[in-house]
Amino acid sequence: MELAMAAEELKTVVNRLRRAQGQIAGVIKMIEEGRDCEDVVTQLAAASRALDKAGFAIIATGLQHCLTDGDTAASEDREQMRARLEKLFLSLA
């Protein structure tokens, strides 16, 4: 399946991935500096959540595109449907 997303949707996902990238770099630096274990784990958890959100946004967008290609979602706004699907997947995280 090809990843075909609208520019604004893609921008949001890329921003989330960049945030996770920064958090991971921070975790590496914290470990190298011998920082407190609890602080490291807290930062690592934040990076993990950022990655999860990016993945779920991609999944939700893909499902939204599948559903809007058919007649079942013609009356619903695309952004509302994408937000609903993303929220549903995030609730499983």
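A nonpolar patch here is made of Val, Leu, Ile, Met, Phe, Trp or Tyr side chains joined within 5 Å, from residues with over 30% relative accessible area and no salt bridge. L17, I24, I28 and L51 make one, covering about 310 Å² of surface. Keep in mind that this is a predicted model, where local features need pLDDT of at least 70, side-chain atom pairs count only at pLDDT 80 or more, and totals for chains, interfaces and linings use all residues. Residues are numbered from 1 along each chain as its sequence is written, and side-chain values use heavy atoms, with hydrogens and water left out.

**The patch**
- Three of the patch residues, the largest share, come from helix α1.
- L51 sits in helix α2, residues 37-69.
- L51 counts as partly exposed because its relative accessibility is 41% (buried is under 20%, exposed over 50%, partly exposed in between, with a 1.4 Å probe and protein chains only).

**Helix α1**
- Helices are DSSP runs of H or I with at least four residues, numbered from the N terminus.
- At 1.5 Å a residue, the 26 residues of α1 (residues 7-32) should span 38 Å, and the end C-alpha atoms agree at 37 Å apart. The expected span is 1.5 Å times one less than the number of residues.
- E9, V13, R16, A20, Q23, V27 and M30 are buried in α1.
- After α1 comes G34, with a positive phi near 70 degrees.

**Salt bridges**
- The whole structure has two salt bridges (a side-chain nitrogen of Lys or Arg within 4 Å of a carboxyl oxygen of Asp or Glu).
- E33 pairs with K29 at 4.0 Å, N to O, and R35 pairs with E33 at 4.0 Å, N to O.
- Together, K29, E33 and R35 form a network.

Terms used:
Helix = DSSP H or I, 4+ residues; strand = E, 2+ residues; numbered from the N terminus. Patch = residues over 30% accessible without salt bridge, like charges linked within 9 Å, V, L, I, M, F, W, Y side chains within 5 Å. Areas by Shrake-Rupley, 256 points an atom, 1.4 Å probe, with all protein chains shown as cover.
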